[in-house]
Structure formats: structure tokens, C-alpha cells
Amino acid sequence: MTLTDFDVLRTLDPATTEIDPFGPRARADLERILATDPALPAILPRRNRRRAVALAVGAVAAATVAALVLPSTLGGDKAFATWVAAPTGLSASESAKAASSCRDARKSSGNAAQLKAATTAISEQRGAWTLVVLAGQNGFSALCITDESTPLFKSNIGSIGSASDADQPGNRRLSATVLGAGSIDGNQLSIAAGAAGSDVAAVTYASATHGVVTATVSGGQFALWFPGNELESRSHNTPVRVTYRDGTTATVVLTL
């Protein structure tokens with residue numbers, strides 16, 4: 001059975017579910033509510049949500065890094081147990097939802113206008129995790145990797161900013177804007193992402209731990225990630241295998 005957020009919240013409510021509307025307590029509550037001055041300002045509930053800012057990636061080329069790591073609630077995909085090396089795409093509705101969540105997660109970065117104008121270049125899924133890249137003009141991009149397995153506050157990590165070198169890469173070139181390692185919920189992960197030339201059809205990385213990791217290439221962008229900090233020490237010299245649209249291949253070294 002899948003629990004909705006409302007179902008989960010109901011389980012946390014200590015109040016009884018059997019209410020007698022004619023009981024003394026209910027009638028007293030009603031009289032108290034009716035006697036309340038409606039002009040008084042309402043007291044908004046405070047969300048008990050702890051936030052911690054963490055380093056998102058080892059390095060980002062000319063981009064401002066703003067990563068939020070929110071604690072998983074009621075479990076989550078511990079140690080990336082569901083992660084897979086080859087991603088699958090999201091449905092249109094899932095992609096729109098993930099993009100909206102990414103905009104919301106990065107809205108405090110001071111890039112509101114660029115976030116609003118950016119379109120979804122990449123939306124992929126690896127197990128319980130989604131990755132979204134929003135791209136705009138002048139090399140702007142925002143990246144979010146999110147654990148979708150929790151019913152409430154979802155852990156996410158990512159980056160946002162502009163890199164002029166990534167605005168118009170050569171047709172057969174890659175321009176990395178995110179390259180390195182970060183952590184989420186105490187677990188480390190490696191990320192490589194950026195702009196891809198129009199002739200680039202596929203990108204893979206040969207991980208020493210996970211084998212061949214396939215990137216998603218779409219909308220002039222590429223992105224891949226995997227558990228562990230393998231890219232932390234290689235952020236300035238990461239070889240990837242590129243397949244071009246004419247069928248030829250080449251090894252390209254990602255640098256920042």
C-alpha cells in the first residue's frame with residue numbers, strides 16, 4: 001500500500017479519531033471558537049524542517065554552487081540501494097513534477113528570473129532517484145538529484161549558476177560545469193554534468209567501482225552520477241567515452 005503525505009501525517013496525530021460532536025469537550029471548543037475575535041492574526045504553523053547546507057560537488061566551473069541537503073523522513077533509499085548505472089526517462093508528468101521541485105529547491109539562490117526561464121534539458125531516474133537539469137541562456141543551468149522514496153521531505157543535492165564556456169560548446173565537445181563529489185544524508189556521490197555539443201549522442205564513464213555508468217544526453221546537456229567519492233580526486237582530469245552521431249567514438253577528458 002502506498003501512503004500519501006496526508007496518510008502519514010494522520011499517523012502522527014495523537015488526537016482520537018472518534019469525536020462526539022455533542023460531547024461536553026466538543027461543545028466547549030465550539031463556544032471558544034465562536035467567541036474568538038476574527039480580526040486577530042492567524043498563527044501559522046512552523047514547519048519543523050531542519051536544513052543543512054553542504055558542499056555539493058568538488059568543483060564547479062564558473063558556477064555558483066548552492067546545495068541543500070534535507071534529512072530523509074521515514075526512511076529513504078539508504079546507501080543508494082536502488083541506484084542503477086543506466087538511467088531511464090521520466091514520464092511527462094513525472095518530469096514536470098521533478099522540474100518544479102528543482103526550481104523550488106534552488107529558488108533561494110538569487111537566480112529567480114533565470115530559473116523561471118530555464119527549460120528542462122534532462123530528466124532521468126536511477127532507482128528511487130531522479131536527476132533534473134534545467135538549462136537557460138548564457139550557460140545557465142540548475143541541477144537537482146533527489147531521493148524520491150520518502151513520502152515527506154526529500155533529500156536532494158545539486159548546483160546552480162552560469163558558466164560562459166558552457167554556452168555554446170563545439171559540436172563534438174563537452175564542457176563540464178559540475179564535476180566532483182558531494183554528500184547527501186551522510187552518503188557520498190560523484191557527479192559529472194555540463195553542456196554537450198550537437199554531435200554528441202552518448203557519454204559513458206568507466207567507474208572503478210560500478211563499471212560503465214551511462215550519462216543522459218539531452219537538450220544540449222549531459223549528466224551522470226553514481227555512489228561514492230570516486231570523482232573527488234579526479235575533478236580536473238576525468239576521462240569519459242563519447243559516441244558521436246556519425247557512430248565514431250573518442251575519449252574526452254573532462255576538466256574544470
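Trainee: Is Thr146 buried or exposed?

Mentor: Thr146 is buried, at a relative accessible area of 12%. Buried here stands for under 20% relative accessible area, exposed for over 50%, and partly exposed for what lies in between, with a 1.4 Å probe and protein chains only. Before we go on, this is a predicted model, where local features need pLDDT of at least 70, side-chain atom pairs count only at pLDDT 80 or more, and totals for chains, interfaces and linings use all residues. Residues are numbered from 1 along each chain as its sequence is written, and side-chain values use heavy atoms, with hydrogens and water left out.

Trainee: Thanks. Where does Thr146 lie, and which residues is it in contact with?

Mentor: Thr146 lies in strand 7, residues 140–147. Strands (E, at least two residues) and helices (H or I, at least four) are DSSP runs numbered from the N terminus. Leaving aside neighbours within four places in sequence, Thr146 is in contact with Ala128, Trp129, Thr130, Lys154, Ser155 and Asn156. Contact means heavy atoms within 4.5 Å.

Trainee: What about Phe80 and Trp225?

Mentor: Phe80 and Trp225 form an edge-to-face pair, 5.6 Å centre to centre with 70° between the planes. Trp225 is in strand 14 (residues 221–227) and Phe80 in the loop between strand 3 and strand 4, so this pair ties together parts 145 residues apart in sequence. Trp225 is buried too, with a relative accessible area of 0%. Ring pairs link Phe80, Trp83, Trp129 and Trp225 into a cluster.

Trainee: Nice. Switching to strands: why is strand 10 described as largely enclosed?

Mentor: Because eight of the 10 residues of strand 10 (residues 187–196) are buried, the rest of the structure largely encloses it.

Trainee: Which strands does it pair with?

Mentor: Strand 9 (residues 174–184) runs antiparallel to strand 10, and 10 bridges join them. Strand 10 also pairs with strand 14 in the antiparallel sense, over seven bridges. Two strands pair if DSSP finds at least two bridges between them. Within strand 14, Leu224 is the bridge partner of Ala192.

Trainee: And what stands opposite Val178?

Mentor: Ala193 in strand 10 stands opposite Val178. Val178 is found in strand 9 and is buried, at 4% relative accessible area. Val178 and Ala223 are 45 residues apart in sequence, and their C-alpha atoms are 8.8 Å apart in space.

Trainee: What does Asp185 do in the hairpin of strand 9 and strand 10?

Mentor: Asp185 takes a positive phi near 50° in that hairpin, which has two residues between the strands.

Trainee: What is the order of the open sheet of four strands?

Mentor: The order is 12-11-15-16, with antiparallel pairing. Strand 12 (211–214) and strand 16 (249–254) are the edge strands, each pairing on one side only. Strand 11 (residues 200–207) and strand 12 pair over four bridges, and Val212 in strand 12 is the bridge partner of Ala206.

Trainee: Last one: how many helices and strands are there in the protein chain?

Mentor: The protein chain has four helices and 16 strands. Of its 256 residues, 39% count as buried. Among contacts between residues at least 6 apart in sequence, 62% join residues at least 24 apart.

Notes:
Rings of Phe, Tyr and Trp (its six-membered ring) pair if their centres lie within 6.5 Å; planes under 30 degrees apart count as stacked, over 60 as edge-to-face and the rest as tilted.
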